[in-house]
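Here are my notes on the salt bridges, as promised. Have the structure open while you go through them.

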Amino acid sequence: MTSRRQFLTTSAAGFFGATLISRAGAASLPEAPIRETAEMAPPLFPSTGRPYNPVVTLNGWSLPWRMNNGWKEFHLVAEPVRRQLAPGMTAHLWGYNGQSPGPTIECVEGDKVRIFVTNKLPEHTTIHWHGILLPNGMDGVGGLTQPHIPVGKTFVYEFEMKHSGTFMYHPHADEMVQMAMGMMGSLIVHPRDAKFAPVDRDFAFVMAAYEIEPGAYTPKVAEMLNFNLWTWNSRVFPGIDHLVVRKDDRVRVRIANLTMTNHPIHIHGHNFGVACTDGGWVPKGARWPETTVDLPVGAIRAIEFVADNPGDWAFHCHKSHHVMNAMGHDVPTMIGVDHRGVVEKVMRLIPDYMVMGERGMADMGEMEMPLPDNTLPMMSGSGPFGAIEMGGMFTVVKVREGLARNDYKDPGWYKHPAGTVAYEWQGEAPPAARKQPAATGRQAPILQARKPTGHAGH
Ligand SMILES: [Cu+2]
């Protein structure tokens, strides 16, 4: 298995399973390609098997396969991995074939699929194929439908893809630990009829949450609700790929939720319909326009829209504490607190003491604070007009005219036509007209600030 570690480049040539077949031989395990970067791979167009229009996985890739007597064979290796969450922070996670999440598996309705799963974790595992209608013994629930896959062993799953749609895979063994460590991936079954539900751009990602203390590398696996990193495909803003889209393209975004809470996913400048869930396609007449769709835990939604509005459009979870990163979100509320006179006294004790938050927290988006090694500030990232003040589950849909069909290169920031950007009022500001308080003789209320006592429950 020494060749297994070979590094695959992002060039399309590096991804053809076919080139790996002859070496592996028909009666042997298929090769298990490995990828060790978080860079978006170009779509993997099928060189064998039924044709389909491939998806693009945000900060990810699709797993090559080999055809073997009518079976499509994949090889997943469960193993410890290193994942860069964004520049400046790397996590020690568990995943598949070199990354967390694992590679996207793509096949076609009617395909007979054989998936080899090798366990290189320090404990046993299984894989459950979430949403797939399959024989009970292939469902991957350790102890219930199969023995667990022991350390060092390889198990084989065989089933037919009876229906198309958006699914996912994850362990059904020591779940709280294995999912808290990042074991998951997208599973796409394309329709056999290429004219069914065609789109021009088709994106996929899985949402995962981690609790990694600033300076640490490994998630706290016993954590139940108190996570501090909210990720799309184990990446946080500003590390999440932009969704580059040609104007008037029909766009699908397939989103799976393997965090332990719901996420209202919101797009700007467009509206969408939910075209597919992990239960199947939504009939056209049953879709309604939305700009936000709530994703329950353990659910998948594929949204579709026509990108008819050029620009850089925010695309994010609407829970504001899910668009921030690990460092600094346990500071007390200081709005309205007057620090004058206190700062010098504190600085005699703590020379690095900083006054923060007395006018709100926006300053933190621009502040160059000393950080411990390996963590990310609560809000970061910059745009053409300054700090974006986000983290976590936030990225940008870039709608541009004149892109080529499969061009996902970053086109840079949107150049707004003259006169289309919000601007400062240059005239005179009217005096603030405020009603005088009635003389009641009562004292003005005293503002009380209460420090937050933790952030459990999200
Ligand atoms: Cu969220």
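**Notes on the salt bridges**

1. Start with Lys72 and Asp111, whose side chains meet in a salt bridge at 2.8 Å, N to O. This pair links distant parts of the chain: Lys72 sits in strand β3 (residues 71-86), while Asp111 is in the loop between β5 (105-108) and β6 (112-119), 39 residues apart. Lys72 and Asp111 are both buried. Keep in mind that this is a predicted model.

2. Next up is Arg114, which pairs with Glu158 through a side-chain salt bridge (2.7 Å, N to O). Here, too, distant parts of the chain are linked, with Arg114 in strand β6 and Glu158 in strand β8 (residues 154-160), 44 residues apart. Arg114 counts as buried because its relative accessible area is 15%, under the 20% cut-off. Glu158, at 30%, is partly exposed.

3. Then have a look at Arg405 and Asp200, which form a salt bridge with their closest N and O atoms 3.6 Å apart.

4. As for the overall tally, searching the whole structure turns up 18 salt bridges.

Terms used: Residues numbered from 1 in each chain as written. Predicted model: local features only at pLDDT ≥ 70, side-chain atom pairs only at ≥ 80, totals over all residues. Heavy atoms only, no water. Salt bridge = Lys/Arg side-chain N within 4 Å of Asp/Glu carboxyl O. Helix = DSSP H or I, 4+ residues; strand = E, 2+ residues; numbered from the N terminus. Buried < 20%, exposed > 50% of the residue type's maximum accessible area, 1.4 Å probe, protein only.
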